[in-house]
Amino acid sequence: MNGTSGKKIHDKDTMTAEERLEAVVRLEQPDRVPLSMMLYYYNPFHTGQRMSEYMAKPEVYRESSRKVYEDLGPWDIYYNINPVSRLLYSYAMMMRYLYPGIELPDNVMAQVEEIEYMKPEDYDTILQQGYTFNDVRFRMRMLPRFCKDAEGVSLALLWPTLARDFIRQKLFWKKDLAWCQEEGIVMQIGMQAEMPFDLFSMARTVVPFSLDLFQRPDKIRRAALRLAPSFAEFMIWVARLMGVPRVQCYCHRTSNSFISPRQFEELVFPSLEEIVCRIIDAGMTPILHCDGDWLKNFKVLRRLPPKKIILQLDGLTDIYEAKALIGDHMCLFGDVSAEKLALGSPQEVDETCHRLIEEVGKEGGFILAGGCEIPYNAKPENLKAMTRSVYKYGYYEMKSPVAAEIPVPTPT
Amino acid sequence: MEDLKRFRELFLSFQVDAVGPEVDACLARGTTPKAFLACCQKCMEEIGEKFDAGQYYLPELVVAGEMFKGVSERIKPLLEATDATSRGILVLGTPQGDIHNLGKDIFGVLAEADGLTVHDLGVDVPPTAFLEKLETTGASILGMSALVTAAFDPMQEVIRLLEEKGLRDMVRVILGGGVTTSEMADRLGADAQTQDAYEGLKIVRTFTTTGE
């Protein structure tokens, strides 16, 4: 579905980026470790564009991200996070975003303002409705309660506005996809969204949701399960439309940094399993974006189908322990810390990447990336060191120090 | 103490809705506010220890914090001035560029339950505001919490201002939040770092007991 042009991004590569990505998802050993740079807020600081323009104008985003790729690339996986509208982004992530140039100063990152927009009775509404389009209807009901661009907008107007933005996103990504194919790289995501349990946690906010976990845990479990089929089907439909067979599922509040392993197993896992299995059955790869510390959840997570899933870590799970506990079951994605990229030296980044490649990348099943998104204040020389590392140390048949002399290629 | 037995049971079993009425009933029966405060602090300590041991998770800490806040609000107006002894003064906030407050809020409640006087400046706090509050309150502890790297520069600026004003030796600085690391705390010149609110409390206890 997202076939590249067959072009290889480095002379020494024997696989295309697409083949490399597919191999690591199957936990096979590819020709070298693939690299994903999850760059978003970094780009305009690198290229000197104003953040407000970058966020509001897709063409500015495109220009900026291409320039960063020229300066710091090449990498295998392009992080196509950019939304063409805040409304669309809010629909997917279900958080209130404050934007630069609108609610925030002109040249700062967007921020999430956590507000309680979901009430306890909304669990009941979900449970009273059937499965069909339940997730879509729930999101549409909630949007005017928290999204700055939907406040006071009637549902009758919201539907066509959102449909228009979906079409704009499709057209934008179509060009992205063509560019990726020309470059021989792959797009990371065909669709992304906040998972139902995590959505409830965000929408209720931490204190009320913590109380819910004591007072109505079964409603949380059943409501998440009720949304799961329609959530998965919509994600699959959009990913097909976008032409990228990967779906990024955000689990911001499911880790053991928030809830217990027992709560994970009883309240989260049923809906998570339903969603993940549907995505896999549709021939797609679920990418579980796992914020926080997940180590104690891995035992249960192993019940998911093997060699089909990418597990994205954000620096708070020990990725070396993750390799031992679940590395034979899921492809690991990560995990150069934001702190290291912002404050460390290129030498430190090089050492971190080298160790990740050697240990987590051992025998495949690994994608080198930052822990969550690359910070906006990362040093460009550190990102260069990160890119360079996969060409220095990442070839499976050819380890350092000989490989250390390989120059970093520039995209052709 | 018999009067507080049921209150204690309710608190430790997270019976949120029952705790408030029980406070009122106990007060009506003559339980002193000071006894309540001591009991609450003990309960919070027990819950904190279970969190530390991995038996409890964030929801337990959060709900316990909410119960503590509720009880505090009820009994604070009744406390005699001599009852309210403080173990130290803490200034707390999320630095400029970051509006996340979860970890900071939990840490603040735990610190208050532990007997510290907490001045929470909120989120997106400019460096100079931290300095002003430290100076006006005479606080000896500063906690800064962050979830995004945008807060790194303001954190560094606060520490630089402390040095510039000759206050650095009098104020212990602890950094918290998901994006912080011990390496980063060393780089910025902070005294301690944690990603865990309860661990943060234990560190602050060492500040107040040893002065280190």
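**View 1. Pairing of strands β2 and β5 in chain A of the predicted model.** In this predicted model, strand β2 of chain A, residues 77–78, pairs with β5(A) in the parallel sense, over two bridges. Ile77(A) has Val186(A) of β5(A) as its bridge partner. The two strands belong to an open sheet of three strands, ordered β1-β2-β5 in chain A, with parallel pairing. Its edge strands are β1 (36–37) and β5 (186–187) of chain A, each of which pairs on one side only. Strands of a sheet pair through backbone hydrogen bonds, in a parallel or an antiparallel way.

**View 2. Helix α1 of chain A and its buried residues.** Helix α1 of chain A covers residues 17–25. Its buried residues are Ala17(A), Glu18(A), Arg20(A), Leu21(A), Val24(A) and Val25(A). They lie on the same side of α1(A), because the arc they cover around the axis is only 165 degrees. An α-helix has 3.6 residues a turn, so residues three or four places apart point the same way. The cover over the buried residues of α1(A) includes β2, β5, β8 (285–290), β9 (310–313), β10 (331–336) and β11 (366–370) of chain A. After α1(A) comes Leu27(A), with a positive phi near 65 degrees.

**View 3. Strands β9 and β10 of chain A.** β9(A) and β10(A) are paired in the parallel sense, over three bridges. Opposite Gln312(A) stands Phe333(A), a residue of β10(A). Six of the six residues of β10(A) are buried, so this strand is largely enclosed by the rest of the structure.

**View 4. The largest nonpolar core.** The largest nonpolar core holds 192 residues. The residues with the most contacts inside this core are Val247(A), Leu311(A), Cys331(A), Leu332(A), Leu368(A), Leu61(B) and Leu110(B). Helix α11 of chain A, residues 217–242, gives the most to this core: twelve residues. From chain B, the core draws at least three residues from each of domain 1 (2–78) and domain 2 (89–210). Apart from this core lies another, of seven residues, including Leu87(A), Leu143(A), Phe146(A) and Leu162(A). In soluble globular proteins, nonpolar side chains tend to be buried together.

**View 5. The surroundings of Leu61(B).** Which residues are in contact with Leu61(B), leaving aside its neighbours within four places in sequence? They are Ile47(B), Phe51(B), Tyr56(B), Ile106(B), Ala197(B) and Tyr198(B).

**View 6. The contact between chains A and B.** Chain A brings 24 residues to the contact, and chain B brings 20 residues. On the side of chain A that touches chain B, the elements giving two or more residues are β4 (111–113), α10 (206–215) and α15 (338–343) of chain A. The largest share of this side comes from α10(A), with six residues. By class, the side of chain A that touches chain B has 15 nonpolar, seven polar and two charged residues.

**View 7. The two domains of chain B.** The domain assignment divides chain B into domain 1 (2–78) and domain 2 (89–210). Their C-alpha centres lie 27 Å apart. Eleven residues of domain 1 are in contact with nine residues of domain 2. On the side of domain 1 that touches domain 2, α3 (33–52) and α4 (58–75) of chain B are the elements that give two or more residues. α3(B) supplies the largest share of that side, six residues. The residues of that side comprise six nonpolar, three polar and two charged.

Conventions. Residues are numbered from 1 along each chain as its sequence is written. Chains are lettered from A and ligands numbered from 1 in the order in which they are written. This is a predicted model: local features need pLDDT of at least 70, side-chain atom pairs count only at pLDDT 80 or more; totals for chains, interfaces and linings use all residues. Two strands pair if DSSP finds at least two bridges between them. Helices (H or I, at least four residues) and strands (E, at least two) are DSSP runs, numbered from the N terminus. A nonpolar core is a set of buried Ala, Val, Leu, Ile, Met, Phe, Trp, Tyr and Cys residues joined through C-beta atoms within 7 Å. A residue is buried if 20 or more other C-beta atoms lie within 10 Å of its own, exposed if 12 or fewer, and partly exposed in between; C-beta atoms are placed from the backbone. Domain bounds come from an automatic or database domain assignment. Two residues are in contact if their C-beta atoms, placed from the backbone, lie within 7 Å. Ala, Val, Leu, Ile, Met, Phe, Trp, Tyr, Cys and Pro count as nonpolar, Asp, Glu, Lys and Arg as charged, and the others, Gly among them, as polar. The arc is that of the directions from the helix axis to the C-beta atoms.
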